[in-house]
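Let's walk through this model together, beginning at the ligand and ending at a sheet. Keep the viewer open as you read.

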Amino acid sequence: MSGLALNSITKQFGPFTAVDNVELSVPHGTFVCLLGPSGCGKTTLLRMIAGLDSPTEGAIVLDGKDITQVPTHKRDLGMVFQSLALFPHLTVGENIAYPLRIRGIGREDQVKRVDELLAMIHLTGYADRPVHKLSGGQRQRVAIARALAISPKLFLLDEPLSALDAKLREAMQVELRKLQQQLGITTIVVTHDQREAMTMADTVVVMNGGKIRQAASPIEIYRKPADRFVADFIGSTNLLPLTAQGGTALVLGHAVAGISAPSGQATASLSVRPEDVKLAAPGEGRITGKVTFIRDLGGTIETFLDVSGTEVVAVSTPRERPVVTVGQDVGIVIDPETAVVLSA
Ligand code: ATP
């Protein structure tokens, strides 16, 4: 296969397993985000792909070639790591040209390539600026250009945008994704920000405890989470108790048409996204809750309900939501098409 394959990668630090039997295939030209809470092993996995750490077990294969034992500088990588800062005493052009210079590329070709890269990162004319006079976002773009100077096979980034303020970070996410698509370069980014992963990735790899919990497209991760961890980690969701009673599944004590319990399990959870909870008049046989709080954000309204001790959140736009008030009893309608049954 053209692209990157991780075959049963495990990394132990003494008795501690930081990465646990990871299997992943990254087709050529795709954008993958490794996403998970702090300590889930995403940086360790990226460091192994980069050759900065070696796996305790398993193989790393790039374009059909086993590179597990190949040193970093021979792996044909571009890297932007938090710790790999720009050279502050050099200009923008000198920074970008650095990897070309150490590979013995001629002066003229260096200048040509630097100009190309500056155009690509929208900093044409900045070659002679000292790096310390750039803004945070501009510096980040220069770091990206420097990493791409040698046209690597694989582009690896560890939390590349985490130092930027929220607005700039969002803009850079779009820019990075566009650049990746334009170059068609296989890219792996570590992030703990799920919105960032959803914005940029073809495939989001959700990790926890050193294991991959799910690897799928952003929309599939959101719509069809594989387990409770993924459902809860990605966006917000209502995890409602589901009990099986003589072949019927009860959600919050009520049978919901179209929802059945997993076979052989007395209890499970139903994941329902807040935007999929519809409010209605209370009715016979319908799940009913009391409104406890309303958060009106202008564009969306979050309605918090108490259903026999379980909190349910419904999100709607001002147009679709029936007018409700705190303390009112309201019916809840769950669409079985959008709800996901998850094992306990
Ligand atoms: P963060 O988002 O906080 O960077 P992460 O998901 O990238 O977290 P890793 O840095 O991969 O997590 O670390 C995974 C686990 O491995 C952590 O519990 C960490 O303490 C441990 N670990 C990482 N490097 C080492 C090391 N060199 N020696 C011992 N333990 C390590």
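The residues of the shell around the ligand divide into four nonpolar, seven polar and one charged; here Ala, Val, Leu, Ile, Met, Phe, Trp, Tyr, Cys and Pro count as nonpolar, Asp, Glu, Lys and Arg as charged, and the others, Gly among them, as polar. Bear in mind that this is a predicted model, in which local features need pLDDT of at least 70, side-chain atom pairs count only at pLDDT 80 or more, and totals for chains, interfaces and linings use all residues. Numbering starts from 1 along each chain as its sequence is written.

To find the shell, look for F13, F16, A18, G36, S38, G39, C40, G41, K42, T43, T44 and H192; a residue is near a molecule if its C-beta atom, placed from the backbone, lies within 6 Å of it. The element that gives the most is α1, with three residues, while β2 (16–27) and α1 (42–50) each supply at least two. Helices (H or I, at least four residues) and strands (E, at least two) are DSSP runs, numbered from the N terminus.

Now turn to the open sheet, where five strands follow the order β15-β19-β16-β17-β18 with antiparallel pairing; two strands pair if DSSP finds at least two bridges between them. At the edges are β15 (277–280) and β18, each pairing on one side only. Four bridges join β15 to the antiparallel β19 (residues 329–334), and V277 has I334 as its bridge partner there.
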